[in-house]
Amino acid sequence: MLHTPTILVNFARNVNLIHMKKDRILVTGGTGYIGSHTVVELQNAGYPVVIIDNLSNSNIEVLDGIERITGLRPDFVEADCTDLDALKALFAKYPDIRGIINFAASKAVGESMEKPVLYYRNNLNTLMNLLDLMAPNGVKGIVFSSSCTVYGEPDENPVTEQSPIKKATSPYGNTKQISEEIITDVINAGAPFKSVILRYFNPVGAHPSAEIGELPNGVPQNLIPYITQTAIGIRKELSVFGNDYPTPDGSCIRDFINVVDLAKAHVKAMDRMLENPEAAPIEIYNLGTGNGVSVLELINTFESATGVKVPYKIVGRRAGDIEKVWGNPSHANEVLGWKADTPLADTMRSAWAWQCKLRERGIM
Ligand code: NAD
Ligand code: WQD
């Protein structure tokens, strides 16, 4: 079989990009986990990108991974989004920015209980600075990373965008609720731009190339990085937090969504917001698979997909955990023309390949 050399594929893609003349997108937090996967998909779709990130929870080498996948190195500005002057300088340097995707935020639920002001300041000032600078710089729309955390413990599953918003149980969760309200107020006040709020369920996995993925700081709090670190021997065993929930196998249920599928939804949201006059000033979408999977089922899927055992023990419930939540993604399926369709086994293999790549590179 004949293979076209990567350099030619990348050259063709770059020429394509020059001709497509899509609007430039500012991606805040673009070297982070979801941001980096989204930059890949934006570039693949022909959008020129500039990233702003203060590298508080990511690494500059992520740019190399993005370049290896797409053949393009996104422009990068190392700065803090809470620094209004730095943002003004960025808009002055890139007057062609027409869309923003705002990933930049602090996201550790536990840390937010200990340092609430840090969370409110970082997450809310970042958003308000961006909103302030959009109109004067001719930006036409902003996509905001929200979370299924706004639904708390739902009365019914799957949740739709109309399901009730529950009182937040952490300052982190509260920043997402307040951010949604700020955006709504700004749009309702007649701002000359649009917004799409995306409520993610549980993003997992890595790019199939294993060039980019999730880089957890310290002991992982989230399930998948804990599973992969246990599987590779960094952690002795996984603690499963509770098997006495009123669910079929007693463990909690979540909607695990592949991070590349999730990233692609951002491109669809951006296309619609910038190009489709039918897009409402503010739109909200659940980004999930529509399937609830239990913690124990996920461990089994990981083991059968990779052939690697995950030693685990059942321990008590984790304070504040939601018993079960999964999303109804029909609205995004129908309006954005997007669907999360990567099989969970493939997602598990991608998470494992990424963990192995981190080991190969001597990172962990
Ligand atoms: P991440 O920590 O990997 O990425 C966030 C990036 O933002 C990091 O690179 C960090 O360095 C940067 N950053 C933080 N504060 C900044 C600031 N003031 N200025 C510039 N850069 C800053 O997180 P992620 O998992 O990619 O999450 C992205 C977004 O999605 C966040 O808003 C998060 O709250 C939201 N979200 C994440 C999940 C999840 O499970 N990962 C679920 C729902 C929503
Ligand atoms: C998933 C399940 C745990 C670790 C968090 C945030 C939420 C959102 C997504 C951003 C739970 C169990 C976990 C472990 C375990 N983020 N678990 N052993 O709690 O659904 O949501 O990330 O908005 O706001 O709270 O994700 O990956 O931490 O846990 O048994 O070592 O895995 O109890 O049932 P969660 P998670």
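Reader: Where is Ala 105 found in this fold?

Author: Ala 105 is found in the loop between strand 4 (97-102) and helix 5 (109-114), where helices (H or I, at least four residues) and strands (E, at least two) are DSSP runs numbered from the N terminus. This is a predicted model, in which local features need pLDDT of at least 70 and side-chain atom pairs count only at pLDDT 80 or more, while totals for chains, interfaces and linings use all residues. Residues are numbered from 1 along each chain as its sequence is written, chains are lettered from A and ligands numbered from 1 in the order in which they are written, and side-chain values use heavy atoms, with hydrogens and water left out.

Reader: What is Ala 105 in contact with, leaving aside its neighbours within four places in sequence?

Author: Once those neighbours are left aside, Ala 105 is in contact with Asn 122, Asn 123 and Lys 176, contact being heavy atoms within 4.5 Å.

Reader: How many residues surround ligand 1, and which are the closest?

Author: There are 27 residues surrounding ligand 1, the closest being Asp 53, Asn 57, Ser 58, Asn 122 and Tyr 172, and a residue is near a molecule or strand if one of its heavy atoms lies within 4 Å of it. A polar side-chain atom of Asp 53 lies 2.6 Å from an oxygen atom of the ligand, and a backbone N or O atom of Asn 54 is 3.1 Å from a nitrogen atom of ligand 1. By class, this shell divides into 11 nonpolar, 12 polar and four charged residues; Ala, Val, Leu, Ile, Met, Phe, Trp, Tyr, Cys and Pro count as nonpolar, Asp, Glu, Lys and Arg as charged, and the others, Gly among them, as polar.

Reader: And which element gives the largest share of the shell around ligand 1?

Author: Strand 5 does, with three residues. At least two residues each come from helix 2, helix 6 (116-134), strand 5 (141-147) and helix 7 (171-188).

Reader: Switching to ligand 2, what surrounds it?

Author: Ligand 2 is surrounded by 18 residues, the closest being Ser 147, Tyr 172, Ser 239, Arg 254 and Asp 321. Polar side-chain atoms lie 2.6 Å from an oxygen atom of ligand 2 for Tyr 172, 3.0 Å for Asn 202 and 2.4 Å for Arg 254. Taken alone, ligand 2 exposes 680 Å², and the protein buries 86% of that. The shell around ligand 2 has nine nonpolar, six polar and three charged residues, and its largest share, four residues, comes from strand 8.

Reader: Where is the cis peptide bond, then?

Author: The cis bond joins Asn 157 and Pro 158, with omega about 0°, and Pro 158 is found in the loop between strand 5 and helix 7.

Reader: Last one: which residues touch the most other members in the largest nonpolar core?

Author: Of its 37 residues, those are Ile 25, Leu 42, Val 143, Leu 198, Met 270, Leu 287 and Trp 338; such a core is a set of buried Ala, Val, Leu, Ile, Met, Phe, Trp, Tyr and Cys residues joined through side-chain atoms within 4.5 Å. Helix 9 gives the most to this core, with nine residues.

How values were computed. A polar contact is a pair of N or O atoms within 3.5 Å; within protein, one must be able to donate a hydrogen and the other to accept it, and residues adjacent in sequence count only if both atoms are side-chain atoms. Accessible areas come from the Shrake-Rupley method with a 1.4 Å probe; for residues, only the protein chains shown count as cover. Buried means under 20% relative accessible area, exposed over 50%, partly exposed in between (1.4 Å probe, protein chains only).
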